[in-house]
Amino acid sequence: MLRAYFDGDGTVSSNGEVIATTASRALASDLAYALKRFGIHARLRTTQEKGH
């Protein structure tokens, strides 16, 4: 599940940070929980689209 999600909606920044983007707070929370099960700390943050 994680691989498929990050293949479609994930990226790696120039400093090595893994980034996933979703409009769903529930999905973001589920992704953070799944990553935590693998010992990966996730930080959730919200942003607004430009022009909104």
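The following legends describe close-up views of a predicted model of one protein chain.

**Sources and limits.** In this predicted model, local features need pLDDT of at least 70 and side-chain atom pairs count only at pLDDT 80 or more, while totals for chains, interfaces and linings use all residues. Residues are numbered from 1 along each chain as its sequence is written, and side-chain values use heavy atoms, with hydrogens and water left out.

**Figure 1. The protein chain holds two helices and two strands.** Read from the N terminus, the order of the elements is α-β-β-α. Helices (H or I, at least four residues) and strands (E, at least two) are DSSP runs, numbered from the N terminus. Along the principal axes, the C-alpha atoms fill a box of roughly 35 × 25 × 20 Å. Of the 52 residues in the chain, 15% are buried. Here buried means under 20% relative accessible area, exposed means over 50%, and partly exposed lies in between (1.4 Å probe, protein chains only).

**Figure 2. Helix α1 covers residues 2–9 and has buried residues.** Which residues of α1 are buried? They are Leu2, Tyr5 and Phe6. Seen down the axis of α1, these residues fall within an arc of 90 degrees, so they line one face of the helix. The arc is taken from the directions that lead from the helix axis to the C-beta atoms. Arg3, Ala4, Asp7 and Gly8 are exposed on the other side of α1. An α-helix has 3.6 residues a turn, so residues three or four places apart point the same way.

**Figure 3. Residues of helix α2 include Leu35 and Leu27.** Leu35 is buried, at 15% relative accessible area. The C-alpha atom of Leu35 is separated by 8.2 Å from that of Leu2, although the two residues are 33 apart along the chain. Leu27 is partly exposed, with a relative accessible area of 28%. Between the C-alpha atoms of Leu27 and Arg37, which are 10 residues apart along the chain, the separation is 15 Å.

**Figure 4. One salt bridge is found in a search of the whole structure.** A salt bridge is a side-chain nitrogen of Lys or Arg within 4 Å of a carboxyl oxygen of Asp or Glu. The partners are Arg43 and Glu17, whose side chains meet at 3.1 Å, N to O. Why does this pair tie together parts that are 26 residues apart in sequence? Arg43 lies in the segment after α2, and Glu17 lies in the loop between β1 (10–12) and β2, so the pair links these parts. Arg43 is exposed, at 59% relative accessibility, and Glu17 is partly exposed, at 31%.

**Figure 5. The loop between β2 and α2 holds Thr21 and Ser24.** Thr21 is exposed, with a relative accessible area of 57%. The C-alpha atoms of Thr21 and Tyr5, 16 residues apart along the chain, lie 9.8 Å from one another. Ser24 is partly exposed, at 31% relative accessibility. What does the side chain of Ser24 reach? It reaches the backbone nitrogen of Ala26, at 3.4 Å.

**Figure 6. The largest pocket contains about 930 Å³ of space.** Of its 24 lining residues, Ala20, Thr21, Arg43, Leu44 and Arg45 are the closest to its centre. The elements that give two or more residues to this lining are β2 (18–20) and α2 (25–37). Helix α2 provides the largest share, five residues. By class, the lining has 12 nonpolar, seven polar and five charged residues. Ala, Val, Leu, Ile, Met, Phe, Trp, Tyr, Cys and Pro count as nonpolar, Asp, Glu, Lys and Arg as charged, and the others, Gly among them, as polar. A pocket is an open set of points where a 1.4 Å probe fits, on a 1 Å grid over the protein atoms alone, with protein on both sides within 12 Å along at least five of seven lines; lining residues have an atom within 4 Å of a point. Grid points are joined across faces, edges and corners, and the volume is the space filled by probe spheres set on the points.

Methods:
A polar contact is a pair of N or O atoms within 3.5 Å; within protein, one must be able to donate a hydrogen and the other to accept it, and residues adjacent in sequence count only if both atoms are side-chain atoms.
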